[in-house]
There are 2 protein chains.
Amino acid sequence: MNKVYVVGIGPGSADGMTEQARRALSAADVLCGYTVYIDLVKGLFPEKRILTTSMRQELKRCREALNMAAEGQTVALVCSGDAGVYGMASPLLQLASEYPEVEVEIVPGVTAALSGAALLGAPLGNDFCVISLSDLLTPWDEIEKRLRLAAEGDFAVCLYNPGSRNRADYLRKACDILLAAGKSPKTRCGWVREIGRPGQKRRILTLEELREEAADMFTTVFIGSSSTVFMNDWLVTPRGYGNL
Amino acid sequence: MNKVYVVGIGPGSADGMTEQARRALSAADVLCGYTVYIDLVKGLFPEKRILTTSMRQELKRCREALNMAAEGQTVALVCSGDAGVYGMASPLLQLASEYPEVEVEIVPGVTAALSGAALLGAPLGNDFCVISLSDLLTPWDEIEKRLRLAAEGDFAVCLYNPGSRNRADYLRKACDILLAAGKSPKTRCGWVREIGRPGQKRRILTLEELREEAADMFTTVFIGSSSTVFMNDWLVTPRGYGNL
C-alpha cells in the first residue's frame, strides 16, 4: 500500500505508546527513523525491515520514506514523543505534495511536555508555551523574543532542546532572559531527563537554581508561572479552583 | 492500596490510550470522573466500581478520590486527553498534601492539542502556545493579554474551550484580539471537533473565516504562525528545514 504513517511513539518505553501507534507500526512493512528511536521499538517488531538514519538527516529520512511508499510499501516514520511537536510530520507533509499517490496518516503520541510534566506533577495545569532552545532551525533572536513574551504573559513554559555539546550555556541564557523580563528568581521550576528510559531523573528547583544546571538534548525543562507552587515533592500550576 | 492514579485516556476511543493508562485503569478498584469520560472507558472494564460526577464538580471529585484511597482503595481519576493539561492532576495534587498516606501517580495522555493537530497535519511543528478561552477559572483580561502576546511572538496557538452555550462569541472575540495584535486575516487556521469519537470533524480555513465559525466545548482550534501553510488539505507549520 502506498502509505506513510508518521508515528509518535511517546516517551520511550512501549508502555507510553498508544494502541493506535502500535497498530500503525504493526501495519508497516518498513520502520524508518533516527537510530535511537528505532532502537526503542524494533524489539517489538523483530520481523520488520528497518531503515535508520542519523541526526540532522530529517529531510533525507522523509524523502526515503516517501520514495519507498511510492514504490508500494507501507512505511512507518518513527518519532520520539509526538509526531508533530518538533517531529517529522511537518517536513514529511511538505514533501508529500510531490507524491500524490502516497497516503499520509499522522499518529499522535505523548510528547515530552506531557510525560515530563506527569513526572513532576502538573506544571502545565494552566495556559503554557512550548519553546525549543535549538537555534539550528530558528534564529536565536526569535527564540529570545518568545521567551520574553512568555514571561510577560505569565505562561508556564516548557523548553525543548535546552542544551547540547555545542550549546552548553543556552539554558543559562534562557533563564537570564526570563529573569530580565521580570520573572522572579524564586519561580518554581523543574527538569526531567531520559523520560521513560533507564536512567530517568527529575528535579524540582527555583529559576535561580535552574540557571546553574547542566542540560542536554535528553532534558526537558519546565518553568512555572507566578502561581506555580511546590506541593510536597510536586511542581503544580493551579488553575484557579478557588481557595483550596 | 492507598493510591490515586490520575489518568489521561487520550482523545476518546480506546485506540488513543497508552498502555500505561490501560494498566492504571486495570489496577484500580474504582474509576471516577466526569460522566462523559467514564462512559468512554467503562466498557473496557465492566467489573469496576464506577463513580461519576457532573461538570464543575472538579474539587468534589478529587476529594472523593482521595477519601476512597485513604480508606485503602486504588482509585483511577479519569481525564479526557492528558491528566495535566486543564486536567485533574493539578487540583488533585493540591488536595493530596492533606493525605500523606495516599500515593499519587500521574499518567499522561494525548491531549487535544496533539490529537487535533494530527488530524489537521502539523500545525504545532514549531514553538506554540496553548490557551483556554474559558473565563470560569481565569480572568478574561489575562486570557486577552496572552492572546496578544502569542500573536506578537508569532507562536502557533492552540485554543481549548473556544466556546460554550454561555460563551458563544468567545472565539470571535479571540480572533479579533489576534487580528488587532497584527496577525494577518489570511493566517492559516483549523479546527477539529469530537476527536476520536463518532461525528469527528475537521476544517482548515483562514483566520478571517475562523472568526465566523461556531465552536463548542468539544472543539479545539488551531491558529498558525506567519509561516503556517496549507499543503493540499493539510495545515503545516514548517520548522525551517531550509528550502524544500
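Reply: Here is a walk from the chain as a whole to the contact between the chains, and then to one helix.

A word on the ground rules: this is a predicted model, in which local features need pLDDT of at least 70, side-chain atom pairs count only at pLDDT 80 or more, and totals for chains, interfaces and linings use all residues. Residues are numbered from 1 along each chain as its sequence is written, while chains are lettered from A and ligands numbered from 1 in the order in which they are written.

Let's begin with chain A. Its secondary structure comes to 8 helices and 13 strands; helices (H or I, at least four residues) and strands (E, at least two) are DSSP runs, numbered from the N terminus. The C-alpha trace of chain A spans about 55 × 35 × 35 Å along its principal axes. Of the 244 residues in chain A, 53% are buried, meaning that 20 or more other C-beta atoms, placed from the backbone, lie within 10 Å of the residue's own.

An automatic or database assignment divides chain A into domain 1 (3–110) and domain 2 (113–236). Where these two meet, domain 1 of chain A brings 9 residues and domain 2 of chain A brings 8; residues are in contact if their C-beta atoms, placed from the backbone, lie within 7 Å.

Now to the part you asked about. The contact between the chains takes 61 residues from chain A and 61 residues from chain B. On the side of chain A, helix α4 (residues 89–96) gives the most, with 6 residues. By class, that side of chain A has 32 nonpolar, 20 polar and 9 charged residues. Here Ala, Val, Leu, Ile, Met, Phe, Trp, Tyr, Cys and Pro count as nonpolar, Asp, Glu, Lys and Arg as charged, and the others, Gly among them, as polar.

Strands join the two chains as well. Strand β7 (residues 128–132) of chain A pairs with strand β7 (residues 128–132) of chain B in the antiparallel sense, over 3 bridges; pairing asks that DSSP find at least two bridges between two strands. Within this pair, V130(A) stands opposite F128(B) in β7(B).

Finally, look in chain B at helix α5 (residues 112–120), which is mostly covered, with 9 of its 9 residues buried. Among them are A112(B), L114(B), G116(B) and L120(B). After α5(B) comes G121(B), with a positive phi near 135°.

Technical notes:
A residue is buried if 20 or more other C-beta atoms lie within 10 Å of its own, exposed if 12 or fewer, and partly exposed in between; C-beta atoms are placed from the backbone.
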